[in-house]
Amino acid sequence: MEKYDYIIIGAGMGGLSVSNFLAKYNKKVLVLEKHNIPGGLVTSFPRKDVHFDLGIHGLYELKENQAIPQFLEFWGAPKIETVPCRGDMVSYIDGKRHVFKHGSIKEDFKNEFFENQEDIDKIFDLMETIKTEMFSGTEAPEPPYDMNLFQLIKFGIKSSKQKPTFLKYGIKDVKKVLDKFTDSNNIKSAIYSYCPYPMVFMAFAYQWSVFYNNEYPKNGMQSIPNAAVESLQKNGGVLKLNTEVSEILVKDGYAYGVKTKDNEEYYGKVISNASPKYTYNWIKSENKTVKKMQQAIIKKKIFPSVCTLFMSLDNSYDLGDVECICITESNSYQKHPDEYTKETAPIVINIYPKRSNDQYRPLVALIPLGYNYSDNWKVGVNQERESAYKDLKKEVEQTILNRIKSHLGSDFFNALKHHELSTPLTYERYTYSQNGSFMGWSVEEKEYGKFMRQKTKIKDLFLVGQWVFPGFGVAGVMASGFYLAKEILKSEGINLKKDFTEYFSKL
């Protein structure tokens, strides 16, 4: 029997964040991770003389004085060395090649779509205004569900003054906004092609505004969770890898520990970095509260999942300064991911820097083929991945490779040294992210802002990560750990927000 103050399920960045904040204030914390490496979706893995990341490319929040390095520094983690992502984008729309250079994206859009220059001015000016308003103000937002009526009214008035464009257009569906400002399907698809998922417009404004201003860790995305683990252990926290939770122990409405698949039990308050569905299903109690919690999330819409093609390329093919290649159709922005097939789904190929000890360069193609694609990828009733699943994976992989070859040519295809496909079911199996989602709940207009609380109706059971406030993104997920730790520590008279602010104001 091992007793801890807090047991964190999952060493994703949300779990590592909250565990670091708590350990810094002398809480005895244990992090349990089913995988053999920490990081969740922020991990890297080796394959045949190359290292791959799971799909996250550059991060704006890795820049100096941004959220990620500030969190790491506050915990006492080592500094992460980064390289700038300053490459160009190539978009193929209905087979036609368009080039957008990293220092002149707006101007290149105007050159590529010469007849619609006024539309492009309006769209990019709108995106820049929204990005500016998103970063306006110095104080971190508070979860809306923690505000009283007076605070909500004050917040609404302040937001309407500081973020009028964000409120008018930023939280509208991207299709609505693009349809309002241009009739050109090519412009709409070019903008949509970089992240071809149904989202509110502010997500696209942010992505395009920071595309040429991101940073990438010199040793891959794995550097971020590795640094967080180092500070966690330095502050007395414990991480157990290859340890999978099978049950959250609940009695009389209180969570008091967990049981693992190897029948070990650990006792303490519980924080889950897994999706709510998995978290609630680990509670074996027949408590009516648990049933209500499970029912409450059934109808919540999940952000679409992703299918990923990992590729490595030798030096015989010169990519030049290109950092991203998008392949799409002029009507793709009108479709929902459920409508895509292996022949029509957009393809976004992120090109990563080659590590010093790697022989080949890594490329990761993201394809929005969903969790339910082709009868749930033809798995068995109990999620068995048998011959039908493997055959479908091969079909999809070959089709995507052929589509890439038709755009980039035989020289590119001949330079490929390795390729393998991961489905949304793979992502779910490794991360306990429901349906393989890599953004949590849907961020379409109807769902955006409906954040789940970090405190559950089971006492001493908490949620952290992309499924709770403030939502998706590496920085957002790490911020969820900050907000949860802030509330936990408040009961002991510790003002984490004040300590964090004062720490950086003194530097």
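Two strands are counted as paired if DSSP finds at least two bridges between them. Strands (E, at least two residues) and helices (H or I, at least four residues) are DSSP runs, numbered from the N terminus.

## Basis of the model

This is a predicted model, in which local features need pLDDT of at least 70 and side-chain atom pairs count only at pLDDT 80 or more, while totals for chains, interfaces and linings use all residues. Residues are numbered from 1 along each chain as its sequence is written, and side-chain values use heavy atoms, with hydrogens and water left out.

## Strand 12 and its partners

Strand 11 (residues 254-260) pairs with strand 12 in the antiparallel sense over 3 bridges. Lys-259 has Glu-265 as its bridge partner in strand 12.

With strand 1 (residues 2-9) it pairs over 6 bridges in the parallel sense, and Tyr-266 in strand 12 is the bridge partner of Glu-2. With strand 18 (residues 461-463), the parallel pairing of strand 12 runs over 3 bridges; here Val-270 is opposite Leu-461. Strand 12 is mostly covered, with 6 of its 8 residues buried (buried is under 20% relative accessible area, exposed over 50%, partly exposed in between; 1.4 Å probe, protein chains only).

An open sheet of 7 strands has the order 7-6-14-15-16-13-17, with mixed pairing. Strand 7 (96-100) and strand 17 (416-422) are at the edges with a single partner strand each, so one side of each lacks a neighbour in the sheet. From one strand to the next, the twist averages 15°. Angles run from 0 to 180 degrees between N-to-C directions, and axes are lines fitted to C-alpha atoms, for helices over the stretch in contact.

Within this sheet, strand 14 (residues 322-328) and strand 15 (residues 347-351) are antiparallel, pairing over 4 bridges. Ile-325 is opposite Ile-349 in strand 15. Helix 8 (residues 185-193) packs on the sheet and touches strand 6 (88-93), strand 7, strand 14 and strand 15 (contact means heavy atoms within 4.5 Å). The direction of helix 8 makes about 130° with that of strand 6.

## Cysteines

The whole structure contains 0 disulfides, a disulfide being a pair of cysteine sulfur atoms within 2.5 Å. For Cys-324, the closest cysteine sulfur is that of Cys-326, at 3.8 Å, which is too far for a bond. Cys-326 is likewise in no disulfide. Cys-324 is buried at 0% relative accessibility, and Cys-326 is buried with a relative accessible area of 0%.
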